[in-house]
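What follows is a report on one protein model and the ligands placed in it.

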Amino acid sequence: MTHKLDSNQVRIVLCYPVLPHHTEQIQAAASDAGVVDAEIIDAGQERIDELLPSADVFIGHAKVPVDWDRVLAAGKLKWIQSSAAGLDHCLVPGVIDSDIIVSSASGLFAPQVAEQTFALLFGLLRRLPLFFRAEAKREFIRLPTDDLRGKTVGIVGMGGNGRAIADMLSPWDVRIIATDYFPVEKPDSVDELWPADRLQRLLADSDIVILTLPLNSQTLGLFDDEVFRQMKCGSYLVNVARGSVVVESALVEALDAGQIAGCGLDVTEVEPLSESSKLWDDDRVIITPHVGAQSYRRVDDSTDLACINLKRFFAGKSPYNLVDKQLGFPHPSKAYRGQSE
Ligand SMILES: NC(=O)C1=CN([C@@H]2O[C@H](COP(=O)(O)OP(=O)(O)OC[C@H]3O[C@@H](n4cnc5c(N)ncnc54)[C@H](O)[C@@H]3O)[C@@H](O)[C@H]2O)C=CC1
Ligand SMILES: O=C(O)C(=O)CO
């Protein structure tokens with residue numbers, strides 16, 4: 001498969017929070033890749049909709065609405081290197097049906113997402129929301145807390161994030177079970193890896209369920225009333241994937257019914273979460289504002305991957321994390337796992 005563009009004049013439009021040195025790094029990578037005249041434009045969120053139709057290559061993650069029909073009608077865009085692992089921002093039907101190649105940041109933020117998962121998990125088990133609220137009122141309340149050790153942890157989605165979480169969890173004397181769409185290459189840290197359709201079995205066994213699967217047409221609203229009823233009574237849920245995988249009204253009901261003991265949410269159905277949501281006031285809930293990947297390293301790491309993939313793309317090779325657009329995520333054989341070339 002060759003991805004060489006017709007012209008040596010290539011316009012690369014960026015839409016993630018780059019600094020001038022990131023733009024220079026991309027310029028140098030394009031030059032190393034043999035592009036004679038690369039024009040790098042930092043569109044930012046403000047100008048992405050205006051500039052995307054003129055781009056040959058798009059690197060970034062548009063958080064504002066983009067007129068994809070206009071982009072497709074212009075017929076110029078060849079490749080999207082998403083600066084997010086989730087592709088809900090760009091995998092619209094027109095892009096899926098087009099020849100545009102899409103590659104993702106899958107797994108790139110796995111160490112940070114794993115740490116975020118741990119923060120949420122320990123906060124829940126050690127009842128930090130309750131104690132923080134008491135602290136704010138100068139109250140001394142002493143109540144028992146829960147333990148991680150001895151628990152069964154079920155991870156739904158064994159991609160970059162799921163694997164990093166399992167590796168970080170494994171020294172903690174826990175049993176780790178997981179499901180994945182492609183249940184291949186079971187990591188040593190995982191006790192059992194099952195296909196995605198064994199979710200019910202995973203839920204029945206797990207004291208803690210961690211969501212690390214992508215949002216796509218199959219996973220939208222997956223955690224509904226019925227799925228919550230399949231969870232072990234008194235178990236915990238941590239969602240570091242996408243809010244819309246969970247039906248929030250069903251989650252609130254599961255908490256009200258005591259079906260689940262608590263949840264840690266880095267993501268919600270609508271972001272920011274509505275002011276009127278019952279979840280805000282619940283001592284068994286921790287909400288963080290979608291910061292799993294928001295470490296100081298993020299832009300550097302995203303730029304490094306973009307540069308590696310630029311060289312591959314212009315050499316006619318598949319970029320790492322090449323997305324299967326019908327599935328909505330990369331096949332594991334295409335995964336970026338820190339390769340330098
Ligand atoms: N909270 C945050 O800041 C972040 C959230 N994310 C979200 O987490 C998701 C996962 O990220 P990565 O691990 O980097 O992506 P990834 O593409 O490496 O992994 C996704 C895995 O889920 C599996 N999968 C797909 N459908 C499934 C199903 N129905 N059941 C079980 N497994 C299924 C895939 O086979 C793949 O192994 C992203 O799609 C994104 O939405 C990613 C990074 C940061
Ligand atoms: O990479 C992703 O998908 C994220 O959600 C990061 O913010």
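Predicted model: local features only at pLDDT ≥ 70, side-chain atom pairs only at ≥ 80, totals over all residues.

In β12, valine 285 is the bridge partner of cysteine 263. This pair belongs to the contact between strand β11 (residues 260–265) and β12, which pair in the parallel sense over three bridges; here two strands count as paired if DSSP finds at least two bridges between them, and helices (H or I, at least four residues) and strands (E, at least two) are DSSP runs numbered from the N terminus.

Residues are numbered from 1 along each chain as its sequence is written, chains are lettered from A and ligands numbered from 1 in the order in which they are written, and side-chain values use heavy atoms, with hydrogens and water left out. The average pLDDT (the predictor's confidence in each residue, from 0 to 100) is 96 for the chain, with 98% of the residues scoring at least 70. For the model, ipTM is 0.99 and pTM is 0.97.

**The seven-stranded sheet**

The pair β11 and β12 is part of an open sheet of seven strands, whose order is β8-β7-β6-β9-β10-β11-β12 and whose pairing is parallel. Its edges are β8 (192–195) and β12 (285–287), and because each has a single partner strand, one side of each is left without a neighbour in the sheet. On average, neighbouring strands of this sheet are turned by 15° against each other, direction ignored; axes are lines fitted to C-alpha atoms, for helices over the stretch in contact, and angles run from 0 to 180 degrees between N-to-C directions.

Helix α5 (residues 110–125) lies across β9 (208–211), β10 (235–239), β11 and β12, and runs at about 150° to β10. Helix α10 (residues 248–256) also packs on the sheet, where it touches β10, β11 and β12, with its direction at about 140° to that of β11; contact here means heavy atoms within 4.5 Å.

Two local backbone features lie in loops. The peptide bond from glutamate 271 to proline 272 is cis, with omega near -5°, and proline 272 sits in the loop between β11 and β12. Arginine 138, in the loop between α6 (128–136) and β6 (152–156), has a phi near 55°, which is a positive value in a residue other than glycine.

**The five-stranded sheet**

Another open sheet has five strands in the order β2-β1-β3-β4-β5, with parallel pairing. At its edges stand β2 (37–42) and β5 (101–103), each with a single partner strand, so one side of each lacks a neighbour in the sheet. Within this sheet, strand β1 (residues 9–15) and strand β3 (residues 57–60) run parallel and are joined by four bridges, and the partner of leucine 14 in β3 is isoleucine 59.

Helix α1 (residues 20–32) lies across β1, β2 and β3 and runs at about 160° to β2. Helix α11 (residues 298–314) packs on the sheet as well, touching β1, β3, β4 (79–82) and β5, and its direction makes about 155° with that of β4.

**Ligand surroundings**

Around ligand 1 there are 29 residues, of which Ser106, Gly107, Asn161, Asp180 and Asp266 come nearest; a residue is near a molecule if one of its heavy atoms lies within 4 Å of it. Ligand 2 is surrounded by Ala84, Ala85, Gly86, Phe109, Arg242, His290, Ala293 and Arg298. The table lists polar contacts, meaning pairs of N or O atoms within 3.5 Å; within protein, one must be able to donate a hydrogen and the other to accept it, and residues adjacent in sequence count only if both atoms are side-chain atoms.

| Residue and part | Ligand atom | Distance |
|---|---|---|
| Glycine 160, backbone | Ligand 1, oxygen | 2.9 Å |
| Tyrosine 181, backbone | Ligand 1, nitrogen | 3.5 Å |
| Aspartate 266, side chain | Ligand 1, nitrogen | 2.9 Å |
| Glycine 86, backbone | Ligand 2, oxygen | 2.7 Å |
| Arginine 242, side chain | Ligand 2, oxygen | 2.7 Å |
| Histidine 290, side chain | Ligand 2, oxygen | 2.6 Å |
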